[in-house]
Structures are given as C-alpha cells and as structure tokens.
Amino acid sequence: MTKPFLYLILVYGVLLSASHIVRQMAPEEGPLSANTLRQSVPETLNGAETGRTIQIAYQDWNEAGQGAPVLVLLHGSPGDANTFSAMAPSLQEHYRLIIPDLPGFRGSTHSIADYSTAAHAHAVIALLDSIGVQRAHLVGYSMGGGVALDMIGDAPGRWESLVFLSSIGVQELELLGDYTLNHAVHGLQLAALWIVQEGVPHFGKMDDAWINVAYARNFFDTDQRPFRAILERLQLPMLILHGTEDRLVPCNAALEHHRLVPQSELVAIEGEGHMMVFADPGKLIAPMTAFLEKVNNGKVTVRADADPSRVAVAAEPYQSHQPPRRSAGSLTFLMILLALATFVTEDFTCISAGLLVARGGMDFWAASLACFVGIFVGDLLLYFAGRWLGRPALSRAPLK
C-alpha cells in the first residue's frame with residue numbers, strides 16, 4: 001500500500017472523527033421557526049413509555065380567539081410544520097391551528113427510540129393534553145395521515161373529523177403493496193442513508209438534510225397494516241383530497257379509502273400531484289373549509305347515517321387480484337424503483353416483482369419490463385466499469 005494512499009486514509013479518518021465530535025456537541029433539537037413553541041412529552045417505543053422525555057416543537061395559531069374550533073395539521077415525511085405555511089393564513093381566521101414538528105424532525109428532538117406514525121401519534125396526543133386541547137379536527141398530509149389514523153385508533157372519541165391530504169392509508173396500495181416487501185425496500189434505503197450519514201465527514205449538515213436517517217426511519221418503523229381496520233371502523237365525518245397525478249401515493253389509494261368509509265367525501269383534483277400542498281394550496285382550501293364548516297354546523301354524515309348502498313360496498317372484500325388504476329406517472333415511478341432495485345439484488349427484486357403481480361399491485365408486462373431493463377443496464381454498467389477501470393486498478397496496489 002503506497003504512502004499517499006495511507007495519508008489519504010489518515011486524513012479521512014481525522015475528518016470523520018472531527019465530524020462525529022461536532023455532531024455530538026450539537027443540540028438535540030433543530031432551530032425553531034417563527035411562532036413556534038416547545039413542549040416536553042414522554043418518549044414511547046412500541047406503544048410503551050421509555051422513561052425518557054423528549055421535546056416536541058409546535059406552532060400555535062390562535063388568531064380566531066377563544067372557543068375557536070381546533071385544527072391539528074400533521075406533516076408528511078420528510079417535512080415539518082412549515083409544510084402548511086401557505087395554508088395557515090387562510091385557515092387561522094376561523095380556527096385555532098396546532099401544527100407540530102413531529103419527533104425526529106426540525107425543531108423537535110431528533111434522536112428518538114421510535115420514529116413510527118404510532119409513536120408520533122402518542123407524542124401529539126400528549127402535546128394536546130399538555131396544552132389543554134381535548135377536541136380537534138385532524139388534517140393529515142401524506143405520512144401525516146397515518147399519524148392521524150393512529151391517533152384515532154388510540155383515542156377514537158376525541159376527534160371532530162378527519163381530512164386526508166394526499167394521504168397514505170391501506171398497506172395494499174402503498175409502494176409495492178406488501179408489508180414485507182416494503183419493509184425490505186425501506187430497510188435498504190435506511191441502510192444506505194445511515195452509511196452515508198455516519199461514514200462521510202459532514203459536520204452535521206446531513207443530519208438536517210431533507211432526505212436523512214430520520215425520514216428513512218419514519219417509513220421503516222411504521223406498520224400500515226392496522227390502517228385498514230381503523231378506516232373500516234371510522235365513525236367520523238371524513239374528507240379525502242387527492243391529486244389524480246400523484247406519483248407517490250396513487251389516487252387509487254384515495255378511491256379505496258373512500259370505499260372503506262361510506263360517509264366520506266372524495267375530491268379528486270385533476271392534474272395535481274403529491275406536492276399540491278406546496279405548489280397550489282388554493283385548490284385545497286375551498287373544499288376543506290366548506291367541509292369543516294359543515295362539520296361544525298352538524299350538517300355532515302357520520303357512519304351511522306351513511307347511504308346503505310355505500311355501506312354495502314364498504315363491506316365487500318378488497319379485490320387484490322385487480323391491478324390498481326395508476327396514472328402514467330405513478331406507474332413510471334414504480335417501474336424506475338424496481339429497475340434501480342435490481343442494481344442492489346437482482347434475485348430479490350425479481351421475486352418481489354412476481355409477488356407484486358400475484359397480489360394485483362402491478363401489471364405483469366410492466367413489472368417484467370422494469371426488471372429486464374434494470375438487469376440489462378446493470379450488466380452493461382458492470383461491463384464498462386471492468387473495461388474502463390479494471391486494467392488501471394489491477395496495475396496498482398493493493399489489487400496488484
């Protein structure tokens with residue numbers, strides 16, 4: 001091994017050690033946004049308190065005054081309370097807004113035992129208890145919809161209504177449609193981000209990055225399998241707002257949630273994708289405020305009063321043999337995901353694609369094409385890597 005190579009390893013080791021020292025000295029919570037407070041809540045792991053206290057940051061918009069209905073707005077992953085900064089000014093005129101940075105994100109404690117939606121639900125309920133909020137409407141965006149469902153599962157009689165904004169829900173229509181397959185994908189993502197975050201000298205910059213270990217842990221720790229049962233039992237008025245071109249959570253998921261909850265209202269917004277909460281929030285404000293006003297005036301339907309024909313449809317089993325109706329963008333995204341997965345493991349990806357087709361999560365030809373392209377491109381890259389880099393590498397130590 002040559003001296004320059006040894007010096008390079010030594011310098012890298014010194015930088016990495018210094019980076020870890022700087023990270024250890026950093027505060028456990030990130031910076032606070034404007035109008036943001038912090039509250040101590042118990043940390044939980046798998047539903048049980050660990051004995052440790054963590055900090056949850058939250059915005060409390062109370063311009064509407066005492067007695068105003070409360071909206072709890074729950075962001076997705078990655079994200080923070082600023083997800084709703086474009087919507088808050090329109091909503092705060094008539095509602096008190098409680099908008100937390102969920103644990104692990106921005107102003108809340110970053111290093112926690114459990115990043116799942118269930119743990120987030122416990123933390124938000126503890127926050128509401130501590131500030132004296134006993135009744136509220138729940139608004140969940142993307143992964144935040146899972147937090148809302150877990151909150152309903154934990155305290156079913158406490159909420160006024162549920163609003164889904166481009167929200168996740170049933171396991172069958174999330175990513176590959178199967179918990180084990182999704183868990184494996186999220187595990188690979190987590191491992192890759194952890195290696196980069198812990199093995200690269202970044203002096204804390206990557207800890208605050210948009211895509212980081214906290215984001216990956218949120219997906220890896222979360223179990224969406226209970227969500228179907230919660231939706232099947234849901235008694236609350238419910239509004240579902242979803243873009244027809246959503247590539248991250250297919251609109252087909254919104255259709256299934258609408259089927260499972262016979263009293264729900266569905267607004268499918270043509271041409272919009274997953275980021276409409278940032279890009280075009282005006283399309284969400286009008287239907288949301290109209291729905292909330294009806295709830296506050298007692299003019300919405302609850303499950304007990306739902307249309308009997310919709311109740312009958314809700315009782316039917318999920319038709320898993322039928323491929324989901326995906327937009328072209330959503331199907332392309334899933335095919336790219338499968339193709340990239342073959343770069344990590346071809347056999348596991350092909351098996352996963354076969355299971356995905358068998359469960360009705362994807363068309364056979366689309367899955368086969370994705371696997372073929374991924375394997376073909378991967379093999380070409382290996383060939384050219386060997387041709388262009390192999391001979392020079394073999395002429396140097398330690399490969400020499």
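1. A polar contact here is a pair of N or O atoms within 3.5 Å, and within protein one must be able to donate a hydrogen and the other to accept it. The model is predicted. At the start of α6, a side-chain oxygen of N212 comes to within 3.2 Å of the backbone nitrogen of A214, which therefore falls inside the 3.5 Å limit.

2. Helix α6 spans residues 213-221, and its buried residues are V213, A214, Y215, A216, N218 and F219. The cover over these buried residues includes α3 (117-130) and α5.

3. The whole structure holds 5 aromatic pairs. In one of them, the rings of Y215 and F219 have centres 5.4 Å apart and planes at 70°, so the pair is edge-to-face. Both residues belong to helix α6 and are 4 residues apart, about one turn of the helix. An α-helix has 3.6 residues a turn, so residues three or four places apart point the same way. Y215 is buried at 13% relative accessibility, and F219 is buried with a relative accessible area of 15%.

4. F364 and W365 also form an edge-to-face aromatic pair, with 4.9 Å from centre to centre and 80° between the planes. F364 is partly exposed, its relative accessible area being 44%. W365 is exposed, with a value of 64%.

5. F105 sits in the loop between β4 (96-101) and α3. Is F105 buried or exposed? Its relative accessible area is 6%, so F105 is buried, the cut-off being under 20%. Leaving aside neighbours within four places in sequence, F105 is in contact with H75, S77, P78, G79, H110, H120, A214, Y215 and N218. Of these, A214, Y215 and N218 are listed among the buried residues of α6. The C-alpha atoms of F105 and W210 are 9.7 Å apart, although the two residues are separated by 105 residues along the chain.

6. Two of the residues that F105 contacts, S77 and P78, are joined by a cis peptide bond with omega near -5°. P78 lies in the loop between β3 (70-74) and α2 (88-91).

7. S142 has a positive phi of about 55° although it is not a glycine; its place is the loop between β5 (136-141) and α4 (144-154), and S142 is buried at 9% relative accessible area. L175, also not a glycine, has a positive phi near 55°. L175 is in the loop between β6 (159-165) and α5 and counts as buried at 18% relative accessibility.

8. How do the axes of α1 and α5 cross, and at what angle? Helix α1 (residues 3-25) and helix α5 (residues 179-199) have axes that come within 9 Å and cross at roughly 100°. The two helices are therefore roughly perpendicular to each other. On the α1 side, Y12, L16, H20 and R23 meet Q197, E198 and G199 of α5. By class, this contact has 2 nonpolar, 3 polar and 2 charged residues.

9. T342 occupies the loop between α12 (328-341) and α13 (346-358). At 4% relative accessibility, T342 counts as buried. The side chain of T342 reaches the backbone oxygen of A339 at 2.5 Å. Not counting residues up to four places away in sequence, T342 touches T349, C371, G374 and I375.

How values were computed
Residues are numbered from 1 along each chain as its sequence is written. Side-chain values use heavy atoms; hydrogens and water are left out. Buried means under 20% relative accessible area, exposed over 50%, partly exposed in between (1.4 Å probe, protein chains only). Contact means heavy atoms within 4.5 Å. Axes are lines fitted to C-alpha atoms, for helices over the stretch in contact, and angles run from 0 to 180 degrees between N-to-C directions. Angles under 35 degrees count as roughly parallel, over 145 as roughly antiparallel, 65 to 115 as roughly perpendicular and the rest as oblique. Ala, Val, Leu, Ile, Met, Phe, Trp, Tyr, Cys and Pro count as nonpolar, Asp, Glu, Lys and Arg as charged, and the others, Gly among them, as polar. Rings of Phe, Tyr and Trp (its six-membered ring) pair if their centres lie within 6.5 Å; planes under 30 degrees apart count as stacked, over 60 as edge-to-face and the rest as tilted.
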